[in-house]
Amino acid sequence: MNNEDKYERIIESAIEIISEKGFQKTVVSDIVRKAQVAQGTFYLYFSSKNALIPAIAERLLKMTLYKIKESMSESKDFWHALKIYIDETYKITDEYKDVLILCYSGLAFEYSMETWEKIYQPYYEWFEQIIHKAISHKEVIANINVVSYAKLLINLVENSAERFYIANDQNLTDEESKKELFLFIQRSLKC
């Protein structure tokens, strides 16, 4: 097993165990046992359990982006792609809500917002491309700041999913919540 494999196994194991036990009850020995690596190997990559937080956040974001890209590969237009994006974001948020709470709190207390933005940069750039394509196909209004809108839309969709699954703001069903979110974005951007 090479170093990259060990690193990935540690991250994956940490996500699984933290999802099951919570961060406070998870110990490094649990993570390395599941990852099938030596405890010393863990400390080659991370100085502590808390040092895992940015790596977990980055891993979840990459996984989310991969799933969304995979699902969107057959999308016909921006609006179809947006529905897929909303659905996948809600699914991931529901599945990993405990780990997401950990990432947000850990990055807020122990790391800077610059760290968070660095982790999100590939995600923002990908969504900027989606918006540029929609503008070129005349699916959305053209006179927008694409960089700002990419961040706003990503934050809006994630915040809606988090409010639903993490804050338990469930005066609507998940399908109704997704539909309201989609309609709000559509009214804001449609030509």
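Q: Where does Ser 160 sit?
A: Ser 160 lies in helix 8, the element that covers residues 146-165, and since this is a predicted model, that placement is a computed one.

Q: Is Ser 160 buried or exposed?
A: Ser 160 counts as buried, because its relative accessibility is 18% and the cut-off for buried is under 20%.

Q: And what does Ser 160 touch, leaving out residues up to four places away in sequence?
A: With those neighbours set aside, Ser 160 is in contact with Tyr 90 and Leu 181.

Q: OK, stepping back, what is the secondary structure of the protein?
A: The protein has 9 helices and 0 strands, so that, read along the sequence, the pattern is α-α-α-α-α-α-α-α-α.

Q: What about its dimensions, and how much of it is buried?
A: The C-alpha trace spans about 55 × 35 × 30 Å along its principal axes, and buried residues account for 44% of the 191 residues. As for the surface, the protein exposes about 10700 Å², of which carbon and sulfur atoms supply 50%.

Q: What share of the contacts join residues at least 24 apart?
A: Taking contacts between residues at least 6 apart in sequence, 68% of them join residues at least 24 apart.

Q: Where is the confidence lowest, and where is it highest?
A: Confidence is lowest in helix 6, residues 97-110, with a mean pLDDT of 70, and highest in helix 9, residues 174-189, at 96. Over the protein the average is 89, and 95% of the residues score at least 70. Where pLDDT is low, the predicted coordinates should not be read in detail.

Q: Switching to charges, how many salt bridges are there?
A: The structure holds 11 salt bridges. One of them joins the side chains of Lys 21 and Asp 30, with a distance of 2.7 Å from N to O.

Q: Which residue does Glu 58 pair with?
A: Glu 58 forms a salt bridge with Lys 62, and the closest N and O atoms are 3.8 Å apart. The two residues are 4 apart in helix 4, residues 52-72, so about one helical turn separates Glu 58 from Lys 62. Glu 58 counts as partly exposed at 34% relative accessibility, while Lys 62 counts as exposed at 54%.

Q: And in helix 9, what separates Glu 175 and Lys 178?
A: Glu 175 and Lys 178 are 3 residues apart in helix 9, so the separation is about one helical turn. They form a salt bridge in which the closest N and O atoms are 2.9 Å apart, and Lys 178 counts as buried, because its relative accessibility is 10%.

Technical notes. Residues are numbered from 1 along each chain as its sequence is written. This is a predicted model: local features need pLDDT of at least 70, side-chain atom pairs count only at pLDDT 80 or more; totals for chains, interfaces and linings use all residues. Side-chain values use heavy atoms; hydrogens and water are left out. Buried means under 20% relative accessible area, exposed over 50%, partly exposed in between (1.4 Å probe, protein chains only). Contact means heavy atoms within 4.5 Å. pLDDT is the predictor's confidence in each residue, from 0 to 100. A salt bridge is a side-chain nitrogen of Lys or Arg within 4 Å of a carboxyl oxygen of Asp or Glu. Accessible areas come from the Shrake-Rupley method with a 1.4 Å probe; for residues, only the protein chains shown count as cover.
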